[in-house]
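Subject: Structure handover and notes

Dear colleague,

Please find the structure we spoke about below, followed by notes on what was found in it. I would be grateful if you could read the notes with the model open beside them.

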Amino acid sequence: MDYTTLGRTGLRVSVAGLGCGGFSQLGLGTGKSEEDAIGIIRAALDLGVNLFDTAASYSTEPVLAKALRGVPRDAVVICTKAPFAISNPNSTAESAVASLDRSLKELGTDYIDVYQLHGIAPRAYDHALAVLAPALLREKEKGKFRHLGITETAPGDPEHEMAQRACKDGVWDTLMLAFHMMHQNARASVFPLTRQYRVGTLMMFAVRNIFSRPERLAATLRELAAEGEVPQALADSPDPLGFLVHAGGASSVIDAAYRFVRHEQGADVVLFGTGDQAHLSSNIASILKPPLPESDRARLAALFGHLVGVGLDAPHLSRSGRVVNR
Ligand SMILES: NC(=O)c1ccc[n+]([C@@H]2O[C@H](COP(=O)([O-])OP(=O)(O)OC[C@H]3O[C@@H](n4cnc5c(N)ncnc54)[C@H](OP(=O)(O)O)[C@@H]3O)[C@@H](O)[C@H]2O)c1
């Protein structure tokens, strides 16, 4: 495993972080058992992963607690989040603190390393900054968590408006943001700020559905070609991203997707979510490989560098997983 420093938190973290949410929820979202989920976490630990990202809304805090039993507390970095509802401007500081206390109990720990507000839309940001953050920072003083973080709502904020404000406010030590081969706009709009203000970055959406389900990629490319956003040849191809797979290049599209994010300047931790042991080890191996060849990165930038909000799955999306009304 490779380790890096998570921005101004100073935490030493594995460059591959296990996401305990997403569509897999450690496999619990796809019909696997709690024992299987614990096996995924233990296997990640064995491969050197020390950062685990969960949330009140994922229902995986208790499983994470069980899997980490017996592991020295300072050997792992536990990140969790307040519920989505907290971003509602009517939510109270008391409810944020109550959720923090619940998470501490569910996780069976005295402190959380990174406590994050979950999926904060631009319209909810003022409330998060003025009401929720001060109340939570008082709890931080009591030792309940070490660092305050924030995560964006990728589908609701494809231009990273919230993230750009959050970087400058000095309150949030970490930012979780969406970045992938077909949604690259954080390169210009966010990473210069995270680096300037030393905000640690947790990268989400490296693969999601768009690169793990070929039919999803094909449907998205058909939509984009119909709008003149990508060449029609890509939509017509049975293997549109096959150009990335070659000797000296990636071994698969998923391998390419994780490596693409890992080697972006400004990306600290690449989160990956899985309920599958084989995926776990191959994803970690991908994240540890060298960058994609420069010619492939240049082609990805030329083909997709202008796209915004592609492949950010959430309930209000088109069938192809593309943000409607972007
Ligand atoms: N707003 C937020 O705060 C927010 C939003 C989204 C995500 N997140 C965080 O980011 C984490 C990562 O997101 P994600 O879970 O969607 O992860 P991801 O790594 O982008 O995508 C995971 C999806 O791809 C599949 N997959 C993974 N590796 C594969 C492989 N080698 N071959 C084939 N399919 C593969 C997984 O299914 P299998 O189970 O079959 O492997 C899963 O459906 C989440 O768990 C969560 O912690 C936060």
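Two residues are said to be in contact when heavy atoms of theirs lie within 4.5 Å. With neighbours within four places in sequence left aside, G305 has contacts with Q184 and L300. G305 itself belongs to the segment that follows α12, where helices (H or I, at least four residues) and strands (E, at least two) are DSSP runs numbered from the N terminus. Its relative accessibility of 34% makes G305 partly exposed, a class that lies between buried (under 20% relative accessible area) and exposed (over 50%), as computed with a 1.4 Å probe on protein chains only. From G305 to R165 there are 140 residues in sequence and, C-alpha to C-alpha, 23 Å in space.

Before going further, please bear in mind that this is a predicted model, in which local features need pLDDT of at least 70 and side-chain atom pairs count only at pLDDT 80 or more, while totals for chains, interfaces and linings use all residues. Residues are numbered from 1 along each chain as its sequence is written, and side-chain values use heavy atoms, with hydrogens and water left out.

Helix α10, which spans residues 253–262, is mostly covered, with nine of its ten residues buried. These are V253, D255, A256, A257, Y258, R259, F260, V261 and R262, and the buried residues of the helix pack against α6 (186–189), β9 (200–204), β10 (269–273), α11 (277–287) and α12 (294–304).

The aromatic residues deserve a paragraph of their own. Rings of Phe, Tyr and Trp (its six-membered ring) are paired if their centres lie within 6.5 Å, and the planes count as stacked when under 30 degrees apart, edge-to-face when over 60, and tilted for the rest; the structure holds five such pairs. The pair of Y115 and F145 is tilted, because the planes stand at 45 degrees, with the ring centres 5.8 Å apart. Since Y115 lies in strand β6 (residues 112–120) and F145 in strand β7 (residues 145–152), this pair ties together parts that are 30 residues apart in sequence. Y115 is buried at a relative accessible area of 0%, and F145 is buried at 2%. The pair of Y258 and F272 is edge-to-face, because its planes are at 85 degrees, with centres 6.5 Å apart. Here helix α10 supplies Y258 and strand β10 supplies F272, so the pair links parts 14 residues apart in sequence. Both residues are covered, Y258 being buried at 4% relative accessible area and F272 being buried at 2%.

R146 lies over the face of Y111, 3.7 Å from the ring centre, and the charged end of R299 sits over the ring of F243, 4.1 Å from its centre.

With kind regards

Notes
A charge sits over a ring if NZ of Lys or CZ of Arg is within 6 Å of the ring centre and within 35 degrees of the ring normal.
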